[in-house]
Amino acid sequence: MSLLQVRDLATHFFTRDGVAKAVDGVSFTLDRGEILGLVGESGSGKSVTGFSLIGLVDPPGRVVSGKIVFDGTDLVAAGEPAWRTLRGKRIAMIFQDPMMTLNPVLRIDTQMVETVLAHADVSRAEALERARQALVRVGISAPDDRLKSYPHQFSGGMRQRVAIAIALLHEPDLIIADEPTTALDVTIQAQILSEVQRLCAETGMALIWITHDLAVVSGLADRLAVMYAGRIIEEGETARVIERPLHPYTKGLIESVPHGKKHREMLAQIKGMTPSLLNLPQGCKFRPRCPRADDACLEEPALAELAPGRRARCVHPHVEALQETLVS
Amino acid sequence: MIVYLVRRLGQSLIAVVAMAVLVFLGVYAIGNPVDVLINPEANQAEVAAVTQRLGLDKPLWEQFVIFIGNLLQGDLGNSFVYGRPAVEIILERLPATMELAFVALVLAVVIGVPLGVLAGLKPDSIGGRSIMAGSILGFSLPNFWQGMLLILVFAVMLGWLPAGGRGQTVEVLGMRLSLFTWDGLQHLILPALNLALFKMSLVIRLARANTREVALQDYVKFARAKGLSARRVVTVHVLKNIMIPVVTILGLELGSMVAFAVVTETVFAWPGMGKLLIDSINLLDRPLIVAYLMLTVLIIVTINFVVDILYSFLDPRVRLSEVKG
Ligand SMILES: Nc1ncnc2c1ncn2[C@@H]1O[C@H](COP(=O)(O)OP(=O)(O)OP(=O)(O)O)[C@@H](O)[C@H]1O
Ligand code: SF4
Ligand SMILES: [Mg+2]
């Protein structure tokens with residue numbers, strides 16, 4: 001059985017201006033040890049999906065429907081008590097901005113030890129030892145000195161390592177990483193990426209890597225799920241999605257990624273803007289920006305399996321790509 | 001750190017000197033004390049004699065030089081009224097005022113911070129709104145009026161607590177304090193509450209605003225994602241961060257608390273420095289007024305100094321940058 005099954009998850013924000021359906025009918029499955037890249041433009045609902053999975057959506061937001069079946073238990077039905085026992089222990093999360101995720105007025109040891117003690121009945125000394133080992137594991141040297149430091153004494157990359165070490169403290173089954181390298185410079189980003197890849201392989205934990213940067217996940221993730229306006233519009237094995245995207249939005253996204261040379265040449269851009277969640281177009285949400293749109297798209301397509309392991313939410317997908325593969 | 005301390009100490013000294021000049025000129029301007037002190041029927045010669053005895057016949061600059069000279073020796077002159085050193089008289093009253101201000105401060109923090117945090121965590125709840133409404137009242141109703149209301153309700157109508165005076169005191173570390181006798185404590189509650197109300201409202205607003213801000217920070221969400229209990233998130237992660245501004249502001253306000261005590265002490269007949277000041281102003285007892293003002297300045301400057309140090313202990317970021325600087 002898969003570790004995580006998400007079915008028709010809907011998380012809405014009840015704001016003064018109306019209901020923002022930040023996540024609206026997201027479904028996917030994740031196996032143990034699998035790495036899923038969750039990709040999409042800013043505002044597509046990636047973070048809200050992540051927070052929904054760990055039960056940290058704050059008012060005015062709320063998970064309104066759907067299932068999050070984690071290791072056999074539907075967390076949406078079981079509610080906060082179930083999440084409380086899992087959070088930090090079996091499901092952990094890492095955030096985007098390492099400058100902001102560690103509490104500035106607490107020492108690293110305090111922040112790590114409290115995490116250990118939240119879920120393990122051990123002595124302080126034992127907790128401290130576990131914290132030390134976790135720091136070693138993410139490649140931090142002189143962990144004893146580091147433990148006594150405050151976050152501002154660390155660089156951004158170092159802080160993100162500490163955050164990852166904290167997430168690893170209880171060897172969770174699933175880590176949700178919300179753009180954890182976006183705020184770091186490229187070399188550090190590469191280091192963290194390979195580090196995380198190694199840790200995943202070592203511990204067998206599953207990972208959901210949220211990013212708006214296709215280039216970052218393509219080397220990391222086993223599978224990709226592309227989000228648009230609160231929905232997953234395409235999903236499949238990473239290499240196949242990148243080489244032969246089915247959804248026009250995915251295709252546009254891939255064509256706008258610079259590759260080969262470091263120079264950013266003129267790239268194909270997806271025309272238009274992300275629609276406002278309060279005023280979504282009728283039918284396919286990508287319709288106003290889609291080069292293939294026609295009247296058939298006025299009815300919203302479902303996420304359909306177009307080939308084994310390849311799903312897309314589109315009336316006119318680039319199936320010719322699939323046929324090419326078959327022919328060649 | 002040493003460099004910082006010395007620099008900070010220098011600033012404090014400058015503040016005290018500037019205040020000395022202002023106090024001297026200000027008090028000089030408020031009238032001739034001889035008119036008040038002397039029998040109205042006294043003749044010219046008697047007036048001249050008194051004026052000379054008090055040193056008021058000398059030119060302004062000479063009086064100032066004498067004033068500063070004495071000040072440097074810690075001598076602020078004899079009270080015109082009591083005929084004893086002004087400083088001595090004020091210091092006798094100091095414990096009463098400090099006790100009042102201290103208890104008020106503790107009340108403001110102990111009641112204000114939890115209420116503010118609560119209101120900040122649930123700003124739209126009935127509780128949160130009521131706390132804010134209460135703090136607006138505490139803010140806007142005049143202090144003396146709040147005091148009289150407290151007397152009316154708790155002393156007159158309910159008869160639970162005494163309306164004024166200091167009650168029984170005991171000597172603790174050479175100071176007479178009410179805090180440690182049951183009778184004294186009963187006398188202390190109402191005036192301390194009165195003095196605390198304004199600051200409490202301030203603390204509530206400050207704590208609320210900061211809680212709202214801190215609660216949205218990633219590190220709070222991360223703390224929750226780590227699986228910490230809601231209780232620990234609030235009492236450690238949120239509270240430690242909001243205490244930085246609260247301590248800073250309160251420290252700065254403690255000085256004004258001593259000054260505000262003037263009103264409370266008058267309403268509750270609390271025999272502290274504030275009440276002494278009002279009496280001295282009525283009698284134009286110049287040395288006493290000057291001594292009061294100088295001592296108050298000294299207290300405020302000292303408090304601010306201590307708060308700065310305290311602040312650097314609360315916020316590791318300040319502590320470190322100052323060590324380097
Ligand atoms: N607290 C909130 N109140 C109202 N709406 C919200 C709130 N948080 C999120 N939303 C809505 O949810 C949408 C999706 O937000 P989300 O943070 O998941 O985007 P994202 O895909 O993570 O984007 P980014 O790449 O910028 O992080 C936002 O566009 C916004 O409309
Ligand atoms: S359904 Fe139509 S509008 Fe939507 S992506 Fe497919 S072709 Fe474009
Ligand atoms: Mg996001």
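The largest cavity has a volume of about 70 Å³, in a model that is predicted. A cavity here is a set of points, on a 1 Å grid over the protein atoms alone, where a 1.4 Å probe fits but cannot get out. The volume is the space filled by probe spheres set on those points, which are joined across faces, edges and corners. Lining residues have an atom within 4 Å of a point, and 13 of them surround the largest cavity, with A:Cys284, A:Cys290, A:Cys297, A:Cys314 and A:Val315 nearest its centre. By class, this lining divides into 9 nonpolar, 2 polar and 2 charged residues. Ala, Val, Leu, Ile, Met, Phe, Trp, Tyr, Cys and Pro count as nonpolar, Asp, Glu, Lys and Arg as charged, and the others, Gly among them, as polar.

Helices (H or I, at least four residues) and strands (E, at least two) are DSSP runs, numbered from the N terminus.

Follow A:Trp209 next. It touches, among others, A:Leu36, A:Ala177, A:Pro180, A:Val196 and A:Leu220, leaving aside residues up to four places away in sequence; contact means heavy atoms within 4.5 Å. A:Trp209 is also one of the residues with the most contacts inside the largest nonpolar core, which has 95 residues. Such a core is a set of buried Ala, Val, Leu, Ile, Met, Phe, Trp, Tyr and Cys residues joined through side-chain atoms within 4.5 Å. Buried means under 20% relative accessible area, exposed over 50% and partly exposed in between, with a 1.4 Å probe and protein chains only. Helix 8 (residues 156–168) of chain A supplies the largest share of this core, 8 residues. Domain 1 (1–90 + 173–190 + 198–328) and domain 2 (100–169) of chain A both contribute residues, so the core lies between them. The domain bounds come from an automatic or database domain assignment. Apart from this core lies another, of 58 residues, including B:Leu100 and B:Met294.

Now to the open space. The largest pocket holds about 1,700 Å³, a pocket being an open set of points with protein on both sides within 12 Å along at least five of seven lines. Of its 47 lining residues, A:Val57, A:Asp58, A:Pro59, B:Ala215 and B:Arg224 lie nearest the centre. Elements giving two or more residues to this lining include helix 1 (46–54) of chain A and helix 9 (218–225) of chain B. The lining has 23 nonpolar, 12 polar and 12 charged residues.

Helix 9 of chain B is mostly covered, with 6 of its 8 residues buried; B:Tyr219 and B:Phe222 are among them. What covers these buried residues includes helix 1 and helix 8 of chain A together with helix 8 and helix 10 of chain B. After helix 9 of chain B comes B:Gly227, whose phi is positive, near 95°.

A note on conventions: residues are numbered from 1 along each chain as its sequence is written, while chains are lettered from A and ligands numbered from 1 in the order in which they are written. Local features need pLDDT of at least 70, side-chain atom pairs count only at pLDDT 80 or more, totals for chains, interfaces and linings use all residues, and side-chain values use heavy atoms, leaving out hydrogens and water.
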